[in-house]
Amino acid sequence: MAAPPAERSAQLVDWLRCTACHPRDGRPGERVAILLEESTQGTAPEYVPNLSWAGERFHGDWLKSFLSTADEARPRPWLKGRMPKFPAYAEALASGLASEHGLMPESPGPREIDETLAELGNRLTTTGGLDCRQCHGVGSEQPRGDQGTQIALGINFALIKQRIRPDFYSRFVLDPARYEPSTKMPKLSDNGRTTKATAILDGDAKQQFDAIWQFIQSLR
């Protein structure tokens, strides 16, 4: 009898040694300890995404595609570490990781975009006070920050809608470090209700993040 999808993916994560690089379920990747011990420059190792929330975070079809072509489709091209391909196991991993969180791997169909909110999201991203463009590119437009203002490079906004499930996005943006302890993305709402950008949507954090999500969905 075949193992259930979640059990099968857990076996594959162990067998393929995914946690040699990636942290998962509170355990740091082995690679971090090795780099810290062997580093000749004394610098912290580069951030590698946490696998704990992968099934809840990523659309299953995107994850399957990425695991099949990881070194070709690199959402973080600045990382020196290279992700290997696992085409033979991509479908089982994508399905099982989603099952760990009680989700189906299939992505939902396209949803209608609220153009008014999308325009507000554009303003929040560029000129409205949340400064997303300091670290994130938008399509062919590169991040605007310099060494003094750029906290860390982030995923290009044009890639997000294929990758991220909307429910996870809504929780993540309110408190990024809760899901990625090593992230350098700032917490844009200190109290979980408002942001510093009070001139748009009265500073309501949830409405503003919804507007940014609509802007992301509008990108081609």
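The legends below describe several close-up views of a predicted model.

Residues are numbered from 1 along each chain as its sequence is written, and side-chain values use heavy atoms, with hydrogens and water left out. Because the model is predicted, local features need pLDDT of at least 70 and side-chain atom pairs count only at pLDDT 80 or more, while totals for chains, interfaces and linings use all residues.

**View 1. Helix 1 against helix 5.** Helix 1 spans residues 5–15 and helix 5 spans residues 90–99. Helices (H or I, at least four residues) and strands (E, at least two) are DSSP runs, numbered from the N terminus. The axes of these two helices come within 7 Å and cross at roughly 120 degrees. Axes here are lines fitted to C-alpha atoms, for helices over the stretch in contact, with angles running from 0 to 180 degrees between N-to-C directions. Helix 1 is therefore oblique to helix 5; angles under 35 degrees count as roughly parallel, over 145 as roughly antiparallel, 65 to 115 as roughly perpendicular and the rest as oblique. The crossing of helix 1 over helix 5 is left-handed, a term used if the near helix is turned anticlockwise from the far one by less than a right angle, with right-handed used if clockwise. On the helix 1 side, the contact (heavy atoms within 4.5 Å) is made by Pro5, Ala6, Arg8, Ser9, Leu12 and Val13. Helix 5 contributes Ala92, Leu93, Ser95, Gly96, Leu97 and Ser99. By class, the residues of this contact are 7 nonpolar, 4 polar and 1 charged. Ala, Val, Leu, Ile, Met, Phe, Trp, Tyr, Cys and Pro count as nonpolar, Asp, Glu, Lys and Arg as charged, and the others, Gly among them, as polar.

View 2. The axis of helix 4 (residues 60–68) comes within 8 Å of that of helix 5, and the two cross at roughly 145 degrees. Helix 4 passes helix 5 in a right-handed crossing. Gly60, Leu63, Lys64, Leu67 and Ser68 of helix 4 meet Ala90, Glu91, Leu93, Ala94 and Leu97 of helix 5. This contact has 6 nonpolar, 2 polar and 2 charged residues. Within helix 5, Ala90, Leu93, Ala94, Gly96, Leu97 and Ala98 are buried. Buried means under 20% relative accessible area, exposed over 50%, and partly exposed in between (1.4 Å probe, protein chains only). The cover over the buried residues of helix 5 includes helix 1, helix 3 and helix 4.

View 3. The axes of helix 6 (residues 115–126) and helix 10 (residues 205–218) come within 7 Å and cross at roughly 100 degrees. That angle makes helix 6 roughly perpendicular to helix 10. Helix 6 takes part through Leu117, Ala118, Leu120, Gly121, Asn122, Leu124 and Thr125, and helix 10 through Gln208, Ala211, Ile212, Gln214, Phe215 and Ser218. The residues of this contact divide into 7 nonpolar, 6 polar and no charged. Gln214, in helix 10, is buried, with a relative accessible area of 17%. Not counting residues up to four places away in sequence, Gln214 touches Glu112, Ile113, Asp114, Leu117 and Ala118.

**View 4. The loop between helix 1 and helix 2.** Arg17 lies in this loop, and its phi is positive, at about 60 degrees, although Arg17 is not a glycine. Arg17 is partly exposed, with a relative accessible area of 49%. Asp25 is in the loop as well, with a positive phi near 55 degrees. Asp25 is exposed, at a relative accessible area of 56%. Most residues other than glycine have a negative phi. Gly26 is also placed in this loop and counts as exposed at 75% relative accessibility. The C-alpha atoms of Gly26 and Glu56, 30 residues apart along the chain, are separated by 16 Å.

**View 5. Glu46 and its contacts.** Glu46 is found in the loop between helix 2 (30–38) and helix 3 (54–57). It is partly exposed, with a relative accessible area of 25%. Leaving aside neighbours within four places in sequence, Glu46 is in contact with Arg31, Leu79, Lys80 and Gly81.

View 6. The structure holds 0 disulfides, a disulfide being a pair of cysteine sulfur atoms within 2.5 Å. For Cys18, the closest cysteine sulfur is in Cys21, 9.0 Å away, too far for a bond. Cys18 is buried, with a relative accessible area of 14%. The sulfur of Cys135 is 9.0 Å from the closest cysteine sulfur, in Cys132, also too far for a bond. Cys135 is buried at a relative accessible area of 11%.
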